[in-house]
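Welcome! Please take a moment to look over the sequence and turn the structure around before reading on.

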Amino acid sequence: MKTRLFRILVLCCISTFLLLGGCNKFKVSKETKASTVNESLEDLGNDRLQLTVPSSYEAIRTPEQCEEVVKSRGYESGSYDAEKHTVTYVMTKDQFHSLTFELYSYIAYNTKMLNKSDSYANVRDVKYNEDYTDVTIYTKSQRIGTIERHLFQYFFDYGKMYNTYWGKPDTRIHVRFVNSESGEVLEEEYSH
């Protein structure tokens, strides 16, 4: 039941994102032929992409696990590099967009749940841009506590992960805490 509810929620988030026009911002050009978009995302032409990401992002630890993912998602191929701790998939552009929309929805859902968490009771709202490079956390706090401080790394990690899938692993993420009543910026940091 929980799995079904989560899938319905993910589909709603994806639909909302599509309706808001988010899919137009991140198109991999169909005109690009066999060119490298960057280190982790390569356009192979013929509507195919090669994606290389850290294996931890995919929870892959063995070649067999990689093969299971390839079969379950219907990718053309996949390989696991134990030395570099990376996984590489060859997939269609539609499969890539489905993968990144699922990731976007997962991050959005977890972010939305922050203000419902007892651990982050002071968090009132979280605003972020479409690629998670700029995040504003609105809090009722006058200063940032130890627990809330963990949110810097939380958004650095998710922002880096999301941008790595889009072929931009070196993107810097900006996170700021703002007092929800006064609008004062309490603290802000950039990822390394």
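You are looking at a predicted model, in which local features need a pLDDT of at least 70 and side-chain atom pairs count only at pLDDT 80 or more, while totals for chains, interfaces and linings use all residues. Residues are numbered from 1 along each chain as its sequence is written, and side-chain values use heavy atoms, with hydrogens and water left out.

Let us start with confidence. The pLDDT is the predictor's confidence in each residue, on a scale from 0 to 100. For this protein the average is 83, and 80% of the residues score at least 70. Over residues 1-37, though, the pLDDT is below 50; this stretch has 44 contacts in the model beyond near neighbours in sequence. A contact here means heavy atoms within 4.5 Å.

Now for the overall build. The protein has five helices and eight strands. Both kinds of element are DSSP runs numbered from the N terminus: helices are H or I runs of at least four residues, and strands are E runs of at least two. Read from the N terminus on, the elements follow the order α-α-β-β-α-β-β-α-β-β-α-β-β. Of the 192 residues in the protein, 41% are buried. Buried means under 20% relative accessible area, exposed means over 50%, and partly exposed lies in between, using a 1.4 Å probe and protein chains only. The protein exposes about 11400 Å², and carbon and sulfur atoms supply 50% of that area. Such accessible areas come from the Shrake-Rupley method with a 1.4 Å probe, and for residues only the protein chains shown count as cover. As for contacts between residues at least 6 apart in sequence, 57% of them join residues at least 24 apart.

Next come the sheets. Strands of a sheet pair through backbone hydrogen bonds, either parallel or antiparallel. In this account, two strands pair if DSSP finds at least two bridges between them.

β1 and β2 are joined by four bridges in the antiparallel sense, and Leu41 stands opposite Leu51 in β2. How many residues lie between the strands in the hairpin of β1 and β2? There are two residues between these strands. Asn46, in the loop between β1 (41-45) and β2 (48-54), has a positive phi of about 50° although it is not a glycine. Asn46 is also exposed, with a relative accessible area of 71%. Asp47 is found in the loop between β1 and β2 too, and its phi is near 65°, again a positive value in a residue other than glycine. At 34% relative accessibility, Asp47 counts as partly exposed.

Moving on from β2, seven bridges join this strand to β4 (residues 86-92), and the two run antiparallel. Along this pairing, Leu49 stands opposite Met91, and the bridge partner of Val53 is Val87.

Elsewhere on β6, Thr136 stands opposite Lys127.

The hairpin of β5 and β6 has five residues between the strands, and there Tyr132 takes a positive phi near 60°. Finally, trace the chain from β6 through helix α5 (residues 146-165) to β7: together they make a right-handed β-α-β unit. Right-handed means that, with the strands pointing away from the viewer, the path from the first strand over the helix to the second runs clockwise.
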